Amino acid sequence: MVEKRKKKAAAGSGLDGRRVDTRGMPRPPAPKRTPSYDPACTRCPRLAEFLAESHKRYPEYFARPVPSFGAAAPKVAIVGLAPGMHGANRTGRPFTGDYAGVLLYETLHELGLASSAVSTSADDPLKLKDTRILNAVKCVPPENKPLPDEIRACNAYLKTELQELTRVRVVLALGRVAHDAVLMAEGLKRSQYEFGHGREHALGNGGGSAKGSVARGDAARYLVDSYHCSRYNTQTRVLTPEMFKKVVARACELAEL
Ligand code: SF4
């Protein structure tokens, strides 16, 4: 059933990694500016230039900083790395339009956090429950590799959003860059919170981290780490669907969902 759904989703949607023919389609509209999002931000000159080039080459792509997506007052915030050129940079929704979101949305759906197992565009009817997806860096970087200065510059938005999302009990970091960005946003030292798949960290109040489980009630907010659900990690089985489901389920448990 899941295989069937994957094949259906892949047809024409780019979820199989192949480019979608979008020529002649209208560019998705720019979302409104907020304290944690500016569709016209050009703080990172290299990324602003790269975005301008991508807009010239693919005028129908979203090609702006990609806003967060999901519940307005979530209990779980999922933090990824950055938009992919032909995925979120095309559609305007994180983890949408390329392979990177396949496992993420399937898992969220299985756990009752997403109304559909597939996210195809910023205006499809998909809704997230108690969950919001953010990125450490909002603009597509060349070769998916943002520079340290760019991660720092965009951290101001991540920090503002994590402060605004007062109901968030658990931040689920997808990969080391997201893990480090969350610590930076929370004003915490990296040396005290080591990244590792399945690691759990009680944030603040001199909190700590554990290879096993942290006790619920240890902190107002927890950080849970996962390997990034990228095409490379899933196809090489560095991250299996079972591993990912387990870590997302644990994030839900800590968030009392
Ligand atoms: S990555 Fe963030 S800070 Fe840099 S230009 Fe894009 S939105 Fe602005």
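1. Let's start with a term you will need: two strands pair if DSSP finds at least two bridges between them. Strand 5 (residues 200-202) and strand 7 meet that condition, pairing in the antiparallel sense over three bridges. One of the places to look is A202, whose bridge partner in strand 7 is Y222. Please keep in mind as you read on that this is a predicted model.

2. Now for the overall picture. The protein chain holds eight helices and seven strands. It has 257 residues, and 48% of them count as buried. Take the contacts between residues at least 6 apart in sequence: 65% of these join residues at least 24 apart.

3. Strand 4 (residues 170-174) pairs with strand 7 in the parallel sense, over five bridges. Here you can find L174, which has S226 as its bridge partner in strand 7.

4. Which residues point each way from strand 7? Y222, V224 and S226 point one way, while L223 and D225 point the other way. In strand 7 the residues on both sides are buried. Because five of its five residues are buried, strand 7 is largely enclosed by the rest of the structure.

5. Turn next to helix 2 (45-57). This helix has 13 residues and reaches 18 Å from its first C-alpha to its last, close to the 18 Å expected at 1.5 Å a residue. Its buried residues include L47, L51 and S54. Viewed down the axis of helix 2, the buried residues fall within an arc of 60°, so they line one face of the helix.

6. How many residues surround the ligand? There are 14, and the closest are C41, C44, P65, C139 and C154. Helix 2 and helix 5 are the elements that give two or more residues to this shell. Helix 5 gives the most, with four residues. By type, the shell around the ligand divides into ten nonpolar residues, one polar and three charged.

7. Two backbone angles are worth checking on your screen. E143 has a phi near 55°, a positive value in a residue other than glycine. You will find E143 in the loop between strand 3 (131-135) and helix 5. Is E143 buried or exposed? E143 is exposed, because it has 6 other C-beta atoms within 10 Å, and a residue counts as exposed with 12 or fewer.

8. With 10 C-beta neighbours inside 10 Å, E256 counts as exposed.

Terms used. Residues are numbered from 1 along each chain as its sequence is written. This is a predicted model: local features need pLDDT of at least 70, side-chain atom pairs count only at pLDDT 80 or more; totals for chains, interfaces and linings use all residues. A residue is near a molecule or strand if its C-beta atom, placed from the backbone, lies within 6 Å of it. Ala, Val, Leu, Ile, Met, Phe, Trp, Tyr, Cys and Pro count as nonpolar, Asp, Glu, Lys and Arg as charged, and the others, Gly among them, as polar. A residue is buried if 20 or more other C-beta atoms lie within 10 Å of its own, exposed if 12 or fewer, and partly exposed in between; C-beta atoms are placed from the backbone. The expected span of a helix is 1.5 Å times one less than its number of residues. The arc is that of the directions from the helix axis to the C-beta atoms. Two residues are in contact if their C-beta atoms, placed from the backbone, lie within 7 Å.
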